[in-house]
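Here is a short briefing on one protein. Look over its sequence and structure first, then work through the points below.

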Amino acid sequence: MKIVALLLVILCYFFQDFVSAQLKIGFYHSSCPNAEFIVKSIVQKRFKNNPSITGALLRLHFHDCGVRGCDASILIDSDSSKNQISEKDSAPNLTVRGYELIDEIKEKLESICPLIVSCSDIVTLATRDAVALAGGPTYTIPTGRRDGLVSNSSVDLPGPTQPVSEILRFFRTIGLNKIDMVTLLGAHTIGVAHCSFFQSRVSDFRGTGRPDPTMDPKLVKKLFRLCNTSKPSTTLNNVPKTFLDQNTSFIVDNQYYNQILKKKGILKIDQELALDKLSAPIVARFANNGNAFRKSFAKSMVKLGNINVLVGDDGEIRKNCRVFNNPN
């Protein structure tokens, strides 16, 4: 059975490489020449007013690609009239944001090049541009993805309390490796986490009644005050939150790795990366070498964007990213 499982994984990798090879740089050069410029200009405008959009897009992109592949299935709205719950309303995606920016880009592109540029390519390109604006690496990304025809609430994404070994197992199932895992979790160099994701670490870690001993005591006090002195809220927008990188919070750099080496990881998985023997050597290398992280981040982002993409006649090019062209 193990041999069969291994063969299936190998075949999956070969198929993924074959499909991603059908993507190409400048796919819209003839059909919509200004597509990438339009995406970039709208992202620049949003970033100028709200630099937190980079973290939002990175999370949106990962949560899309990590479920059914990079097919924009996370963008589909639920339909209560048909009792259909989409990906975006599943528990792991309730704090994902950035949808309005994708809508704005799509609306502009549809006015110039109707039914040409896919929503999945928009997400991929917008994320790339936001990373560069936040000081991260610039990289070219192939396009030609098509949009998926399925979106449901059955979402299996790794959680922030899972051990490194389980997170790595997930990454391998989607065609990524250990270096990709440590690199892409480095996206936590930007963005925020709500108290619900880390509160147990600062108050009652694993039922001990004490904080997590792997977190810096000063950080414990800071986060405890944040989560226990704020007024209760029924809306996610008002739930207390903190920066995942307490140092360079709006910059895509390697400071996240330096922070977790100092026991200042906000999420449990962040701190575990620095402690687990599977990932610790890579963490140390990235902490000491910012250029190594930048190169690895660009490479892993391209790989992420190629996961289980739809090309050719598969899927569709949605007119509205929130709705299938021909919903059942």
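Two residues are in contact when heavy atoms of theirs lie within 4.5 Å. By that rule, Gln 259 is in contact with Asp 245, Gln 246, Asn 247, Lys 264 and Gly 265, leaving aside its neighbours within four places in sequence. Keep in mind that this is a predicted model.

**Overall build**
- The protein has 13 helices and two strands.
- The C-alpha trace spans about 60 × 50 × 40 Å along its principal axes.
- A compact globule of 328 residues would have a radius of gyration near 20 Å. The protein has 20 Å, so the two agree.
- Of the 328 residues, 50% count as buried.
- Take the contacts between residues at least 6 apart in sequence: 75% of them join residues at least 24 apart.

**Surface and charge**
- The protein exposes about 16,200 Å². Carbon and sulfur atoms supply 56% of that area.
- There are 41 positive and 30 negative charges. Their mean positions are 8 Å apart.

**The annotated binding site**
- An unreviewed UniProt entry lists Asp 64, Val 67, Gly 69, Asp 71, Ser 73 and Glu 87 under "binding site".
- These residues are spread over 24 residues of sequence, yet they cluster in space. The largest C-alpha distance among them is 12.4 Å.

**Val 67 and Ser 73, two of the listed residues**
- Val 67 lies in the loop between helix H3 (53–65) and helix H4 (99–112). Ser 73 also has its place in the loop between H3 and H4.
- Is Ser 73 buried or exposed? Buried means under 20% relative accessible area. Ser 73 has 0%, so it is buried.
- Val 67 has a relative accessible area of 26%, so it counts as partly exposed.
- Beyond its neighbours within four places in sequence, Val 67 is in contact with Glu 87, Ser 154, Val 155 and Leu 157.
- Ser 73 touches Asp 64, Arg 68, Glu 87, Val 150, Ser 151 and Arg 318, not counting residues up to four places away in sequence.
- Glu 87 is a contact of Val 67, and Ser 73 touches Glu 87 as well. Glu 87 is itself on the UniProt list.

**Back to Gln 259**
- Where does Gln 259 lie? Gln 259 is in helix H10, residues 255–261.
- The relative accessible area of Gln 259 is 6%, so this residue is buried.
- Its contacts include Asp 245 and Lys 264.

Methods: Residues are numbered from 1 along each chain as its sequence is written. This is a predicted model: local features need pLDDT of at least 70, side-chain atom pairs count only at pLDDT 80 or more; totals for chains, interfaces and linings use all residues. Side-chain values use heavy atoms; hydrogens and water are left out. Helices (H or I, at least four residues) and strands (E, at least two) are DSSP runs, numbered from the N terminus. The radius of gyration is taken over C-alpha atoms; the globule rule is 2.2 Å times the number of residues to the power 0.38. Buried means under 20% relative accessible area, exposed over 50%, partly exposed in between (1.4 Å probe, protein chains only). Accessible areas come from the Shrake-Rupley method with a 1.4 Å probe; for residues, only the protein chains shown count as cover. Lys and Arg count as positive and Asp and Glu as negative; His and the chain ends are not counted. The place of a charge is taken as NZ of Lys, CZ of Arg, CG of Asp or CD of Glu. UniProt positions are given in the numbering used here, feature names are shortened, and annotations may be inferred rather than shown by experiment.
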